[in-house]
Structures are given as C-alpha cells and as structure tokens.
Amino acid sequence: MDVIISSLNPAKISAVEAAFNQAFPDSVFNFIGVSVDSGVPEQPMSCIDTKQGAINRVNNAKIQHPNAEYYVGLEAGIEGNSTFAWMIIDNTKQVGESRSSSLPLPPAVITAVNQGKELGDVMDEQFNTDNIKQKGGAIGLLTNNLLTRSSVYQQALILALIPFLHPERFFEVTP
C-alpha cells in the first residue's frame, strides 16, 4: 500500500513509517515522501494556520499521486510561546487528525520567530546546530534528546490513525 507523505523531511518520514508499521504490523507499506505546498506561511503562527497547512498538504499530495491508499500531512507551527504540529491522515474514505504535544519555547526563540525567522533556523543559531529541523528538532534540543521530533510526531500520528484502526466506530451513518 502506498503512503504518500507530504514532506521530504527525514524526521517526518521516519515518524510516519514508525507509526504505520506499529499500528499495522501485518501490512506492507511503500512510503513516498513528496514536496507539496502548504498554502500557509513557512512558519505558521497559529493553530488554525498550522492545521490548515497539514490539510492543504494532504490535498496537494492527492493531486500529485491520486491512487495512493493513504495521504499524510504534517505541519509544525507556533502559537503563543509553544510549538506543536498537526497530523492529518486521509485514505479518501476517512480522515484522522491529531495535534502533537506542545513544547514551550524560550523567550529569546519566540522573539526571533516573531521577527520573521523560522523556528528551525532560530534553534540552529541559538544552539549552534545545523539543520536541526530535519533531525531531533527543537524538542530534541530542549529535552536533551529525551524526546525527538520523530518520537513526538509518531505518537500524534498513532492517535490520528485511530479511525483507521477502528473504522466501524468512525463510519458516519447518514439518516
């Protein structure tokens, strides 16, 4: 079964692979990362924009690859002083969604992001790292690698897979 992941980010792809393989251990998947537009700012600054970015990624992936079994959109954003991500999973019959845990960000990071910089770039500057957003992410840096971007996304993805694990309970019946 083809799973189209609307990102080329290795941390996001790894999280999707782990979640699907854990949720469906008897299934064989072909995971395909694709580059698609989110339709929101590069650094979404609200929960609404972040969720919309994940939805847009799924919809744009469907256009690029119309015959896949699953489409996964992941979008990270910031609201207030926290960062989080939305996960949208669609198989054209059912949609699952979940928001990841929120990670508090240091005041200096929030200040830089509010000046228009992307979170990953700010974290690289402040922690002297290179391309952290494709590795452990801000969460890896701030938790001393107790958690990583992939591990937190994997948990949220498993939650978004609930309607696919129990489709009979999520099928909407129209009167």
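Reader: Where is asparagine 144 found?
Author: Asparagine 144 sits in the loop between helix 5 and helix 6. Keep in mind that this is a predicted model.

Reader: Is asparagine 144 buried or exposed?
Author: Exposed, because its relative accessibility is 66% and exposed means over 50%.

Reader: And what is phi of asparagine 144 near?
Author: Phi of asparagine 144 is near 55 degrees, which is a positive value in a residue other than glycine. Most residues other than glycine have a negative phi.

Reader: What about threonine 92, what is its phi near?
Author: Threonine 92 also has a positive phi, near 70 degrees, and is not a glycine. Threonine 92 lies in the loop between strand 4 and strand 5 (95–99), and with a relative accessible area of 52% it is exposed.

Reader: New topic. Which residue does UniProt list for "binding site"?
Author: The UniProt record, an unreviewed entry, lists Asp37. Aspartate 37 is in the loop between strand 2 (30–33) and helix 2 (47–64).

Reader: What is aspartate 37 in contact with, leaving aside neighbours within four places in sequence?
Author: Asn56, Arg57 and Asn60. The side chain of aspartate 37 also reaches the backbone nitrogen of glycine 39 at 3.4 Å.

Reader: Now the largest pocket. What volume does it have?
Author: About 640 Å³.

Reader: How many residues line the largest pocket, and which lie nearest its centre?
Author: There are 38 lining residues, and Asn9, Lys12, Ala76, Lys133 and Arg149 lie nearest the centre. The lining divides into 17 nonpolar, 14 polar and 7 charged residues. Among the elements that each supply at least two lining residues are strand 3 (70–79) and helix 6 (149–160).

Conventions: Residues are numbered from 1 along each chain as its sequence is written. This is a predicted model: local features need pLDDT of at least 70, side-chain atom pairs count only at pLDDT 80 or more; totals for chains, interfaces and linings use all residues. Side-chain values use heavy atoms; hydrogens and water are left out. UniProt positions are given in the numbering used here, feature names are shortened, and annotations may be inferred rather than shown by experiment. Helices (H or I, at least four residues) and strands (E, at least two) are DSSP runs, numbered from the N terminus. Contact means heavy atoms within 4.5 Å. A polar contact is a pair of N or O atoms within 3.5 Å; within protein, one must be able to donate a hydrogen and the other to accept it, and residues adjacent in sequence count only if both atoms are side-chain atoms. On a 1 Å grid over the protein atoms alone, a cavity is a set of points where a 1.4 Å probe fits but cannot get out, and a pocket is an open set with protein on both sides within 12 Å along at least five of seven lines; lining residues have an atom within 4 Å of a point. Grid points are joined across faces, edges and corners, and a volume is the space filled by probe spheres set on the points. Ala, Val, Leu, Ile, Met, Phe, Trp, Tyr, Cys and Pro count as nonpolar, Asp, Glu, Lys and Arg as charged, and the others, Gly among them, as polar. Buried means under 20% relative accessible area, exposed over 50%, partly exposed in between (1.4 Å probe, protein chains only).
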